[in-house]
Amino acid sequence: MTSTQPSSMETREVKKKEINERSFIRKLLKNRIAAFGLFVTIFMTIIAIFAPLIATHAPNEMDITHSLLGAGVDGHFLGTDNYGRDLFSRIVYGARISLIVGVSAVLFGAVFGTFLGLIAGYFGGKLDSLIMRTMDGLFAFPFILLAITLMTVLGQGLVNVIIAIGVANIPGFARIVRGQVLSVKEEEFIEVTRSLGATHGRILFQHVLPNCLAPLIVYGTMSIAGAIISEAALSFLGLGVQPPTASWGSILKDGKDFLVLNPQMATFSGLAILITVLGINLFGDGLRDALDPKMKV
Amino acid sequence: MSDVILKVENLDVHFRSSASIVKAVNGVNITLKKKETLGIVGESGSGKSVTATALMRLLPKGIGSIPNGKITFNGKDILSLSDKEMRDVRGNEIAMIFQDPMTSLNPVFTVGDQIEEAVRTHQQMSKKEAKKKAIEMLKVVGIPEPEKRVKMYPHEFSGGMRQRVMIAIALSCNPKLLIADEPTTALDVTVQAQILELMKSLQEKNDTSIIMITHDLGVVWEMCDKVIVMYAGNTVESGTVETIYENPLHPYTWGLLESQITKNTLNGDKLPAIPGSPPDLRNPIPGCNFADRCPYAKEICSTTKPQPIEVELGHIVSCHFQTNSNRLERKERVYIE
Amino acid sequence: MGKYILKRLVDLLPTIFVVAIIVFVITRLIPGDPAAVMLGPQASVEDIQELRDDLGLNEPLHTQFLQYIGDLVQGDFGVSLTYNQPVISLIMDRFPNTLVLAFSALVIALLIGIPAGIISASKQNSVMDYTVMVISLIGVSIPIFWLGVMLVLYFSVNLGWFPATGMGTMDEGFITYIKHLVLPSITLATIPMATFARITRSSMLEVISQDYIKTARAKGLKEFFVIGKHAFKNALTPILTVLGMQVSALLGGAVLTETIFSWPGMGRLIVDAIDKRDFVVVQGTVLFIAIIFVLVNLLIDVLYKIVNPRVNYSSGKGGEGK
């Protein structure tokens, strides 16, 4: 009798999931705004991947004699920057940095944050208070300030940017996962699995973690948007990737000094950030409505 | 004639949903005299709460509408009042209490504030006087230590006490009509009786008329003078409580009675339901709305709408087989096994 | 209430301690020698060693930590090498300026964001609602450092309405003072404003369908009071939660805004210190901002209690209403 119980429960679970998945996709597609967000996100990803094919010039190719050209002059679609580099090509290449940092930093934060949240919520007690006190401490720093502080110590560079924004992302993920674990932990099927002699690791990764996925995906998506803005902010402050690497934030930083001579630099680099972030946020909003309507980010 | 406080004639209520119109109430008639209590019974979705909401003109804006009908209350044509005039009626001349006292009081204001607000909305009164009035009202509805209680928040009250507070709010302006929408459904059985008792005694004292919306015939027998049985937006039977109790005629009323008896013998909390479900009100059907679920239905029931017939003085039934010349034989236990 | 605040203050001490540890750990334990970073790539080994001695970096870590905590308790945030001044006095010079900026931004955000959210919710699916939704979505997605630059481009460079940089003083007259404040505070207000509009809308929508709203209407209240009093007070709790988070965003955003507009506040101090590689200042200011944030959240906890009578005074052990 007891041996058949888990299996029958499993089939029930699977069935429920299938129905959920179908209604999830339906909801997502029904939401045209979310679909538009997804479209923008994919569009930007394609630009990032195929940057060499889309860019009209090499992004770091300098030509001081042709600096600060206006839009459309000499085959420079958006003109050139103060070093005579093609602005359009730099913005196209900038998409790479934004998306690489956005995705990697969030993955970094998600992996560590999820791990910490899982063990804090699951084991509770002193370990929980130690971890969550630390997370509260990290939360006390404004996100961008934490990243700035880390960057001053780590020094410029792509990997360091990812680490800095990644670390700043950890507490958010830890909190969300811990909350989910606490609510999942008490549910019946966890009790059953435990009574059947499953190890902690198995329970955590096979039973608890999958139940945290929906909020994780929603939060993760929104966090990518935040990470992209943070990268741009760091580069804007001169703390991001090493020059001459093209990043939207660093183009904007340079553009700020040439607002009168060449307003396109600041305008279009920022527009690129806005459009990408808006796209991801629209998609994230739709994901939330479809996956986890109770959540408020 | 002059003591008729409320007259509703041929009231229709429609709801607009994304693609269709739900005809939630069709041609309801009500005549209510001073101090009288009318029961409106029916399952959920029968249109009884919608009727009450329509009387208060509180249908959701842009969604609910009253395409036909006339509501005359205390000599006023309710449907032609301005918004401001209507606000002066609401809470003042017609008051309403709702099903769930747990959710119908605002959790972030003290009960005193909520009673005072009702009073001060309709009467020129200083804050101090209003406070006194609030304490007095709490006393009237039987809440002990009203001076202390008046400063407390709803979550510090039990369900029965909260419903007493709701009644205090509703009666604070001495309304001529009190609409009670399932006032006891969410309460324990013993508390139910107390609340009904309270309503009755206050009605005696203030000459209030009451419309009692309920699915519980027990409440109707206890409280009401007249009763309207509603099904899928239509009145299927109406009359005095005595007639309906002694000589119910509509098969749906029989079903309700039977489920009431089953409930009493089973001692259950919930009313056992008549099998099947009401028709989709978006697509009006040509025949009797109850035909699908009616054990007595014949062919004519699904093709022709039955007209209301006054089978005896004040007793109106809408059924093809319950006419002045013809009566159905009522069978035992045909609805619920 | 006084007791509650005191208790919460005591609760905060461990958090502030953790914050201090984090700042210490970040600056001492992460790979990379702060002294080397401060002096830049051209510095000689001797110079670096000397600076390490000055900063106490050659002491054992636990000694460094005790020294650091001991100083902090006395309000000593260290001494800046580039300014030759105690960090705390540098901070105190600039803190009021940041406060002015952040406070104006917060006021703008609340005064526009919350009414926009309320109107949006009470006229759900109307043109007004969609407009608010679209603008607020753009608002939460906008990089504020770009918005700041664009505002400068249009309103300072092109139109010349407002100064592009700097902070006015009251001596130059109130108008000048306000003119300097307009663009930076709008820049900083944008994200909180959009966030308030969104959270107010969703929170109001949830509340508006509650039974007690029906009760309020049945009392004969004007719609203005039904929405503005009965619904709004119930919708406040999530708005307060967001307010707490937005204070953090404001302090972070101040760093960027102050940079764009050369606003002489704490954010500008941090960025300048980074340029000068004065990590003592960075560390001290960041720590100071974190402590401010923790204190603001205490204030918000107290507001929770005022807004929502169901929240327990004595959270934790043996809470039993009042």
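Start with B:Asn74, which sits in the loop between strand 5 (70–73) and strand 6 (76–77) of chain B. Strands here are DSSP runs of E with at least two residues, helices are runs of H or I with at least four, and both are numbered from the N terminus.

Before you click on, a word on the ground rules. This is a predicted model, where local features need pLDDT of at least 70 and side-chain atom pairs count only at pLDDT 80 or more, while totals for chains, interfaces and linings use all residues. Residues are numbered from 1 along each chain as its sequence is written, chains are lettered from A and ligands numbered from 1 in written order, and side-chain values use heavy atoms, without hydrogens and water.

**Two asparagines in chain B**

Back at B:Asn74, check the backbone: phi is positive, about 50 degrees, although this residue is not a glycine. Most residues other than glycine have a negative phi, and most peptide bonds are trans. B:Asn74 counts as partly exposed, at 33% relative accessibility. (Buried is under 20% relative accessible area, exposed is over 50%, and partly exposed is in between, using a 1.4 Å probe and protein chains only.)

Now select B:Asn174, in the loop between helix 7 (159–171) and strand 8 (177–181) of chain B. Here too phi is positive, about 50 degrees, in a residue that is not a glycine. B:Asn174 is partly exposed, with a relative accessible area of 48%.

**Over to chain A**

Jump to A:Pro243 and A:Pro244, which are joined by a cis peptide bond with omega of about 10 degrees. A:Pro244 lies in the loop between helix 9 (200–236) and helix 10 (248–256) of chain A.

Next, pick A:Gly117 in helix 4 (residues 87–123) of chain A. Buried or exposed? A:Gly117 is buried, with a relative accessible area of 0%. Beyond its neighbours within four places in sequence, A:Gly117 is in contact (heavy atoms within 4.5 Å) with A:Ala174, A:Val177, A:Arg178 and A:Val181. For a sense of scale, draw a distance from A:Gly117 to A:Val101, 16 residues apart along the chain: their C-alpha atoms are separated by 23 Å.

**Where the chains meet**

Colour by chain. Of the 2 pairs of chains that touch, chains A and C have the most contacts. Chains A and B share no contact, and their closest C-alpha atoms lie 15 Å apart.

Zoom in on chains C and B, where the contact takes 17 residues from chain C and 25 residues from chain B. About 2100 Å² is buried between them, 62% of it from carbon and sulfur atoms. (That is the accessible area, with a 1.4 Å probe, lost by the two parts on being put together, summed over both.) There are 2 salt bridges between chain C and chain B, each needing a side-chain nitrogen of Lys or Arg within 4 Å of a carboxyl oxygen of Asp or Glu. On the chain C side, helix 9 (211–218) and helix 10 (223–261) each supply at least two residues of the part touching chain B. The largest share, 6 residues, comes from helix 9 of chain C.

**Last stop: chain C**

Select residues 177–197 of chain C, which are 100% helix and 0% strand, with end C-alpha atoms 28 Å apart. Residues 239–261 of chain C are also 100% helix and 0% strand, and their end C-alpha atoms are 29 Å apart.
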